[in-house]
Amino acid sequence: MGVTGSPTNIKQGSKTKGGIGESTLRPDGTLKVTGEFAYSSDMWHEDMLWGFTLRSTTAHAEIRSIDISEALATSGVYSVLTYDDLPTEMKNYGLEIQDTPVLAHGKVRHHGEPVALVAADHPETARRAAAKIKIDYVELPVITDEASAIAPDALLVHEGRDDHHIGHVPHPNIVHRQPIIRGDADEAAKRAAVIVTGDYVFGMQDQAFLGPESGLAVPSEDGGVDLYVATQWLHSDLRQIAPVLGLPEDKVRMTLSGVGGAFGGREDLSMQIHACLLALRTGKPVKIVYNRFESFFGHVHRHPAKLHYEHGATKDGKLTHMKCRIVLDGGAYASASPAVVGNASSLAVGPYVIEDVDIEALALYTNNPPCGAMRGFGAVQACFAYEAQMDKLAAKLDMDPVEFRQLNAMTQGTKLPTGQVCDSPAPVAELLRLVKSRPLPPEQQWLSAGEDADVRALPGGLSNTTHGEGVVRGVGYAVGLKNVGFSEGFDDYSTARVRMEVINGEPVATVHTAMAEVGQGGVTVHAQIVRTELGVNQVTIHPADTQVGSAGSTSASRQTYMTGGAVKNTAEAVREKVLEIGRAKLGTYHPAWATAELLLEGGKVVTDGGEVLADLVDVLEDEAVDLELEWRHRPTVAFDLVTGQGDGHVQYSFAAHRAVVEVDTELGLVKVIELAVAQDVGKALNPLSVVGQIQGGTTQGLGVAVMEEIIVDPKTAKVRNPSFTDYLIPTILDTPTIPVDVLELADEHAPYGLRGIGEAPTLSSTPAVLSAIRNATGLELNRTPIRPEHITAT
Amino acid sequence: MRVNFTVNGRPQEADDVWEGESLLYVLRERMGLPGSKNACEQGECGSCTVRLDGVPVCSCLVAAGQAEGREVVTVEGLADYSKHRDGAHPGTGCASSDCGTSLDAAKRWQSKPTDGRTGEAGDLSPIQQAFIDAGAVQCGFCTPGLLVAADELLEQNDSPSDADIREALSGNLCRCTGYEKILDAVRLAAARQEETV
């Protein structure tokens with residue numbers, strides 16, 4: 001094949017298929033539908049042992065003694081470890097504050113805290129041996145809410161705190177506190193024609209990802225360990241694991257194994273250190289797989305919250321002021337609580353223009369289960385409350401709730417309570433218009449002419465609890481505001497390695513990042529980005545591991561922006577290198593090499609006018625271009641700890657919902673008929689995946705509205721429902737049709753103009769459903785999830 | 001104890017099975033067939049759904065010993081099972097000589113390399129292909145169980161209504177997709193099935 005750049009040989013270049021904007025299919029799809037995709041719980045190694053974690057049966061107690069002798073003597077048991085066996089001075093870990101013990105020492109602070117580890121030749125042997133470990137607990141009083149946390153005689157959940165938040169909190173049982181004060185809310189309240197207040201309760205939600213916490217640790221000959229695990233951020237895990245093991249980071253090699261969902265629940269460590277400790281101690285590969293019961297104790301949950309809000313509005317419907325106090329229960333360990341507090345406070349006002357605000361958000365230390373990251377991250381709880389307030393105000397002013405929201409909606413250029421100006425499109429009013437303008441689903445769909453009711457379409461479904469009598473319909477709206485990416489001055493970067501070479505006569509690109517693919521489809525868009533930037537059809541995605549720089553976390557709706565941005569940026573640099581090589585080799589064949597804007601398309605070098613200058617195969621020959629670069633978004637700053645001012649967020653995203661529900665008022669059963677959603681995604685890199693994310697996020701919001709809650713006994717702080725029998729997540733029967741409208745208003749600061757999408761739909765889904773239930777029943781309903789007894793008042 | 005049964009058309013025996021082991025454990029940890037997933041191990045999520053003599057069951061709730069002498073089809077065998085549906089398949093007897101799966105084919109399932117070009121690979125059952133095409137796979141952990149359940153639905157009912165699909169799949173939890181694309185996938189597979197008839 002010769003050079004195609006001679007003037008007689010010019011032809012139109014062909015577009016590369018599968019670039020951005022197309023609904024390219026998942027590269028791991030075939031493996032996932034055939035059962036061959038290796039999830040972390042599928043890992044297997046010859047001569048492998050099974051690890052098991054013994055967990056505390058009480059929420060708050062001193063540990064007098066631990067007797068492992070009987071467990072250790074059990075046939076088939078290779079090792080039993082407790083706190084005393086930890087190899088270094090570093091015995092804790094944590095995302096922001098290193099307050100979480102690898103194994104409990106001296107004290108347990110929540111129900112289900114890991115106390116001891118067992119490795120055995122069969123999982124049942126390990127479980128039975130663990131049951132023989134004798135622990136002498138001395139029960140302590142439990143701290144379960146704000147009153148018990150800051151009571152004068154309250155025990156400190158963490159005595160001798162020395163983290164940097166401690167200087168800014170009024171009590172050591174408060175993890176972090178963030179006020180945001182702007183203007184004078186009390187003065188502004190005097191201009192209000194109506195003022196509404198409300199107290200709201202948001203229940204503890206669980207991520208309930210389906211793939212259990214699991215992984216395989218394999219000791220290596222150099223004294224290190226190879227860990228195959230499902231996580232959201234390999235490098236964050238590594239940073240926490242290595243010091244506890246007493247190993248340098250390069251001796252802990254981590255590879256991402258298949259992740260069965262995450263939703264924030266894999267930001268914190270679970271079995272990682274435990275498996276490594278057992279593997280290093282026994283010299284054998286150790287696999288740990290949590291069952292569902294243990295999974296409910298093995299990861300942090302969404303912060304339950306108590307929220308007090310006050311809003312005022314003029315008689316024309318303009319918001320005058322907002323005051324709120326948001327108390328988040330962080331549970332026994334800090335996890336991501338400080339950042340959740342930052343989000344809850346800075347997004348507490350929602351997508352509305354309010355000049356005068358007085359906001360306070362804080363997270364408590366209690367003996368409840370630890371809470372941390374979950375999809376929506378602090379913004380969810382606030383949205384639930386401020387949207388209820390918007391409905392209350394509209395009702396009091398006798399205005400349409402959507403028009404009232406539109407009247408107060410923020411737009412591009414709005415200054416948020418933190419002082420940060422939203423400098424990209426903010427189509428809040430338009431998103432509400434889109435969901436409102438959809439035709440409503442027909443009423444009484446359970447009736448079809450001349451036939452009996454199809455009970456499957458009724459609240460209660462096949463339980464056959466009603467044939468339509470006592471069933472009323474309601475419609476509700478909500479809209480939310482979510483930040484994208486890590487905020488408050490965090491050095492939020494991502495790294496990508498892109499290699500381009502000729503293999504078997506074809507130009508091929510390889511992408512290597514440490515991005516955790518948790519189901520969101522990052523691997524799909526990385527290939528699309530590379531096809532777009534490098535004009536090759538064949539793109540291989542290298543497994544994610546710690547042999548390449550950090551990609552940051554797969555959370556905060558940030559991965560397509562951040563690692564997608566890193567892949568784009570690195571691919572552009574690879575393209576420049578390729579063009580340099582081309583100019584050096586072939587530049588004399590055609591003047592356009594020196595003068596034109598050159599692109600890579602369809603395996604060729606083309607001018608921006610479409611003239612083909614060369615085949616990539618001829619440019620590269622047997623050279624490979626291989627670059628690894630870090631990429632950053634524009635910087636943010638920490639919020640001022642007194643006023644809350646500061647450009648703390650990277651980007652904002654917006655979604656609106658309209659919920660249509662039917663409620664059996666006699667039994668208090670709710671059926672959500674339709675949950676329409678409109679979201680601005682900036683640019684849909686993969687429309688199919690975008691819609692999938694929006695529908696998935698919407699369903700998690702629906703879940704917390706009507707069924708999902710981890711119930712913690714207020715007297716003992718023990719978890720009552722750690723199973724899929726008792727912690728309910730929506731089934732296909734609980735989930736309605738979810739029509740989606742996607743707007744693509746580019747954010748000029750983001751790669752391709754894109755906007756993070758994963759979280760925003762979770763925010764407004766919950767308050768929309770609640771609003772619809774209130775609309776149907778006329779009840780106030782100020783908590784989530786709504787249970788039958790709240791509707792029937794029994 | 002020893003358990004003898006047929007998995008995806010291939011006779012298997014498992015030795016040293018502890019009496020309390022589930023069929024799911026034996027499939028995953030002893031047979032090297034991890035396609036059936038372990039999400040709740042309480043029969044609540046459907047991720048471990050397999051067909052036992054043709055009937056969809058949660059394999060986590062079946063004691064391994066109960067599978068003695070019976071036919072099991074897992075997601076790994078779904079494509080082959082679906083191919084032979086019209087002739088014969090495990091549970092309804094074997095009328096033709098090409099039913100079941102050869103040892104070679106069984107090995108292929110476990111080691112087949114990916115070409116990284118989802119959607120273009122052959123040898124998938126219609127429901128598997130439809131799940132890929134409709135975007136019904138995200139994290140994919142629920143997918144094997146849903147595929148087995150949906151395949152059985154389509155076997156019983158070649159043009160299910162949405163209410164039928166919801167009813168049939170109500171025992172399978174999915175946390176990622178919001179189910180809409182799973183409905184799309186089943187509708188797509190049903191429509192394609194009709195086209196080919």
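Modeller: A salt bridge is a side-chain nitrogen of Lys or Arg within 4 Å of a carboxyl oxygen of Asp or Glu. This is a predicted model: local features need pLDDT of at least 70, side-chain atom pairs count only at pLDDT 80 or more, and totals for chains, interfaces and linings use all residues. Residues are numbered from 1 along each chain as its sequence is written, chains are lettered from A and ligands numbered from 1 in the order in which they are written, and side-chain values use heavy atoms, without hydrogens and water.

Biologist: How many salt bridges does the structure hold over all chains?

Modeller: Side chains of opposite charge can pair when their charged atoms come close. Counted over all chains, the salt bridges number 61.

Biologist: Are A:R161 and A:D163 buried or exposed?

Modeller: These two side chains meet in a salt bridge, 2.9 Å from N to O. Buried means under 20% relative accessible area, exposed over 50%, and partly exposed in between (1.4 Å probe, protein chains only). Both A:R161 and A:D163 are buried.

Biologist: How many residues apart are A:R632 and A:D491?

Modeller: Their side chains form a salt bridge at 2.9 Å, N to O. A:R632 is in strand 27 (residues 625–632) of chain A, and A:D491 is in the loop between strand 20 (471–484) and strand 21 (493–503) of chain A. Helices (H or I, at least four residues) and strands (E, at least two) are DSSP runs, numbered from the N terminus. The pair links distant parts of the chain, and the separation is 141 residues.

Biologist: What is the relative accessible area of A:D491?

Modeller: A:R632 is partly exposed, at 39%. A:D491 is also partly exposed, and its value is 44%.

Biologist: Why does the pair B:R51 and B:D151 tie together separate parts of chain B?

Modeller: The two residues form a salt bridge, with the closest N and O atoms 3.7 Å apart. B:R51 lies in strand 3 (residues 49–52) of chain B and B:D151 in helix 5 (residues 143–156) of chain B, so the pair joins parts whose separation in sequence is 100 residues.

Biologist: Which pattern does chain B follow along the sequence?

Modeller: Chain B has 7 helices and 5 strands. Of its 197 residues, 56% are buried. Read along the sequence, the pattern is β-β-α-β-β-β-α-α-α-α-α-α.

Biologist: How many residues of chain B are in contact with chain A?

Modeller: Contact means heavy atoms within 4.5 Å. Chain A brings 69 residues to this contact, and the number from chain B is 59.

Biologist: What area is buried between chain A and chain B?

Modeller: Buried area is the accessible area (1.4 Å probe) that two parts lose on being put together, summed over both. Carbon and sulfur atoms give 57% of it here. The total is about 4,900 Å².

Biologist: How many salt bridges are counted between chain A and chain B?

Modeller: One salt bridge joins the side chains of B:R28 and A:D42, at 2.8 Å from N to O. Between chain A and chain B, the count is 6.
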